[in-house]
Every structure is written in structure tokens, then in C-alpha cells.
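Notebook open, model on screen.

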Amino acid sequence: HFFGGRVVVPAALLFTIHPPPSPHSLFSAINPPVLAQMSKFAWAKKRKPAGWELIEDKLEEFDTKLREAVNDSHEGKRICELNWPIHRLHYEKNRFLYDLFYKKKEISRELYQFLLDNKIADSGLHSKWKKPGYETLCSLQAIRAGDHNFGTTSICRVPLAKRQDKIGPSVATGCISCASGDGGPIWWTEMDRAMEVAATRKAAQPVSRKRDARGNPATMASGAKVKSVRAGAGGTFEEDEDSNSDPEFAERLKRLRSEHTAAPPRQ
């Protein structure tokens, strides 16, 4: 259409020429494969530090897996499940680079800084791994309070031994548990391992005993004690194995015994 000497293109025609991005993609503004290529082109012509050849093939492998995960069919899957492989590959790639520098000492500080500066490695995730309690954090999204109900963290941050309801993966990342004590991260494909870890952790937990205001173990009258105290005429008091653990209870029991002995039998 011509309007005032200008060409006006209908909006419907624009979407026909340039279709909007898929709603299932991890990034809403641009397709992930295109974004990956653009980020790669940004540092492809830069001079690489020494040791780059040791990780180049592995990085290419991770990029290939990421493209396959993004282009994978979504039939029969929930929308949230489409991002789970991407979170897992992102974790594996960064853990590979993190261990090469901090644990195996196979790459130099210069190369590691090059990876961080060019966003080949996730600097935010690496900094979290250095802090106690976050050594096996699966993704920064798991601890981003704005992405979860009630401003808390993801369910995968709760140890398996403390889960009250059924065990399952996080809707956001697909991680079942990345708590430090569970040896994680445990992903959605490792449900059997998660159940085994949960059973082992719960069995290893010590049995906690309640304590009174003075800090002493609280000894409550059991059914046998109550029955013996309330026994009628002719009833006998039975010794309980915990009767001497609390001096106050022992004194009350002694007084009740004397009162029961002195009381006349009922007619």
C-alpha cells in the first residue's frame, strides 16, 4: 500500500517473511543455534591462549549436542521438558572446564580467563561452585528466587532425605537433586539412583530425642508406665528401663508406689 509516498507493508506480511521465534526455544528473542553461532563468531578471530587445542574438540562436541537438543522434536513432551537437556549440557560443559582448571590443573589461568571473558564458560555458575553448599549446583535458575513460588529456590536444592512428598525432577531444570550431600546433580533420567540415595540418607540419619527446657532428654510416660500407675487394687508396678533416666520421674514414681501401698483395697 502507498501512503503519503511511502510503502506500508501489512503486519501479517512481515510475519510471513520473517516468522516469529518458536515459543519452545530457550531464548525468546533469537533462535539458540543462531545465537550460538553469533557468540562463536565474536571470539573466533581472536588470538587463542596456549592450551586451546586441548579443549577445542570437546567444545565443538558440546556445541553439536546443544544444537541437537534445541532442534529435537517436542512431540509427547511437556513444554518445560524441552529445556531440560539444555540445562544438563550447560552444566556438563561448565563442569568440564571448571575441573580442568581447579582440579586437574591442565589449563592456564590465561586460557581460563579467556573462556570467562568470551562467555564460553559461565562465570556466575563457576563462582557459585566455589561456595560451601553450592558445589554441585545444577543451574543458576535453581536458586533464582524470582523464578519460583513464594520467592524460594528450586525443589532440587532440598536434600532427598528431607523430602516429605514424592521425589521428582525440578520443573525448571530437570534436576532431581543438586544438594551437596546427595552427590549430585541427579537428573531426570536417574530416578533409580535418586531413590537409592534417598533411602540411604534417611537410614543414616540419627534418631533425634526431644529435650526438655533444661536440655535433658525428655522422658515421657509410656503406655506401660501409665497403665502401671493407674492400676487398680492388686495391680503391681513394673520397672521400666527408662525409669531411672529422669530423677524427677523416679521421685514421682516412688511417691505413687508408696501411696498405692498405703491405700486400702477397694470393696
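Which residue does D182 meet in a salt bridge? I looked it up in this predicted model: the partner is R201, with N and O 4.0 Å apart. D182 sits in the loop between β3 and β4 (186-187), while R201 belongs to helix α7 (residues 191-204), so the pair ties together parts that are 19 residues apart in sequence.

Next I checked how open the two ends of that pair are. D182 is buried, at 4% relative accessible area. R201 comes out as partly exposed, at 32%.

**Entry: the serine beside D182**

I stayed with D182 and looked for its other partners. The side chain of S177 makes a polar contact with the D182 side chain, at 2.6 Å. So what is S177 part of? I found S177 in strand β3, which covers residues 175-177.

Buried or exposed, I asked of S177? S177 is buried: its relative accessible area is 0%, and the cut-off for buried is under 20%.

Then I listed what surrounds S177, skipping its neighbours within four places in sequence. The contacts are C156, V158, L160, R163, D182, G184, P185 and I186.

**Entry: helix α4**

Which residues form salt bridges with D99? R95 is one of them, with the closest N and O atoms 3.6 Å apart. K103 is another, and here the closest N and O atoms are 3.9 Å apart.

R95 and D99 both lie in helix α4 (residues 84-102). They are four residues apart, about one turn of the helix.

For accessibility, I noted D99 as buried at 17%. R95 counts as buried too, at 13%. K103 is exposed, with a relative accessible area of 59%.

**Entry: the tally**

How many salt bridges are there by this rule? I got a count of 10. I also wrote down a network of salt bridges that links K58, E61 and K65.

Key. Residues numbered from 1 in each chain as written. Predicted model: local features only at pLDDT ≥ 70, side-chain atom pairs only at ≥ 80, totals over all residues. Heavy atoms only, no water. Helix = DSSP H or I, 4+ residues; strand = E, 2+ residues; numbered from the N terminus. Buried < 20%, exposed > 50% of the residue type's maximum accessible area, 1.4 Å probe, protein only. Polar contact = N/O pair within 3.5 Å; in protein donor to acceptor, adjacent residues only side chain to side chain. Contact = heavy atoms within 4.5 Å. Salt bridge = Lys/Arg side-chain N within 4 Å of Asp/Glu carboxyl O.
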